[in-house]
Amino acid sequence: MAKRILIADDSSFMRTILKKVLLPAGYDIAGEAANGLEAVERFTELKPDLVILDVTMPEIDGIEALRRIMTLDPEALCIICSAIGQRWMIVQAIEYGAKDFIVKPFQADRILTAIDNTFANAEPPEEDDY
């Protein structure tokens with residue numbers, strides 16, 4: 001079964017770009033959100049396998065949305081994807097629980113690698129690993 005991803009970005013153009021990267025790679029789009037508050041609401045109702053969050057969004061920003069999502073589900077898988085790659089913001093996102101931070105503009109393979117690594121690191125170990 002394909003992994004379901006929620007895309008949260010206030011730019012419909014960026015959401016479309018991400019869909020064009022994710023769908024051919026075999027991922028399903030669980031839903032979309034155009035602001036941080038909507039991202040938290042969609043996360044709650046859709047229960048996606050992973051969330052891609054922009055930082056700069058209306059209502060609440062992606063860092064606050066990340067914080068709220070991680071409060072709702074400490075096991076949630078979230079990746080920040082933003083044009084703002086300031087060090088303090090990356091550190092804060094990782095501290096709040098983001099699994100990766102991708103700076104826009106990005107290459108498609110950078111997004112796919114981040115997602116693949118996030119899922120791989122979240123998988124429970126095989127029984128042989130015990």
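Predicted model: local features only at pLDDT ≥ 70, side-chain atom pairs only at ≥ 80, totals over all residues.
Residues are numbered from 1 along each chain as its sequence is written, and side-chain values use heavy atoms, with hydrogens and water left out. Local features need pLDDT of at least 70 and side-chain atom pairs count only at pLDDT 80 or more, while totals for chains, interfaces and linings use all residues.

Helix α2 spans residues 36-46. Helices (H or I, at least four residues) and strands (E, at least two) are DSSP runs, numbered from the N terminus. Buried residues of α2 are G36, E38, A39, V40 and F43; buried means under 20% relative accessible area, exposed over 50%, and partly exposed in between (1.4 Å probe, protein chains only). These buried residues pack against β1 (4-8), β2 (28-33), β3 (50-53) and α3. At the start of α2, a side-chain oxygen of N35 comes to within 3.0 Å of the backbone nitrogen of L37. After α2 comes K47, with a positive phi near 50 degrees.

Helix α3 (residues 62-72) also meets helix α4 (residues 87-96). Their axes come within 9 Å and cross at roughly 10 degrees. Axes are lines fitted to C-alpha atoms, for helices over the stretch in contact, and angles run from 0 to 180 degrees between N-to-C directions. The two helices, α3 and α4, are therefore roughly parallel (angles under 35 degrees; over 145 is roughly antiparallel, 65 to 115 roughly perpendicular and the rest oblique). Residues I63, L66, R67 and M70 of α3 make the contact with M89, Q92, A93 and Y96 of α4; contact means heavy atoms within 4.5 Å. By class, the contact residues comprise 6 nonpolar, 1 polar and 1 charged. Ala, Val, Leu, Ile, Met, Phe, Trp, Tyr, Cys and Pro count as nonpolar, Asp, Glu, Lys and Arg as charged, and the others, Gly among them, as polar.

A98 lies in the loop between α4 and β5 (100-103). A98 is buried, at 6% relative accessible area. Leaving aside neighbours within four places in sequence, A98 contacts L66, C78, I80 and A93. A98 and I80 are 18 residues apart in sequence, with their C-alpha atoms 6.6 Å apart in space.

T118 belongs to helix α5 (residues 108-122). T118 counts as buried because its relative accessibility is 5%. Its side chain reaches the backbone oxygen of A114 at 2.7 Å. Beyond neighbours within four places in sequence, T118 is in contact with L50, L77, I79 and K99.

Notes. Polar contact = N/O pair within 3.5 Å; in protein donor to acceptor, adjacent residues only side chain to side chain.
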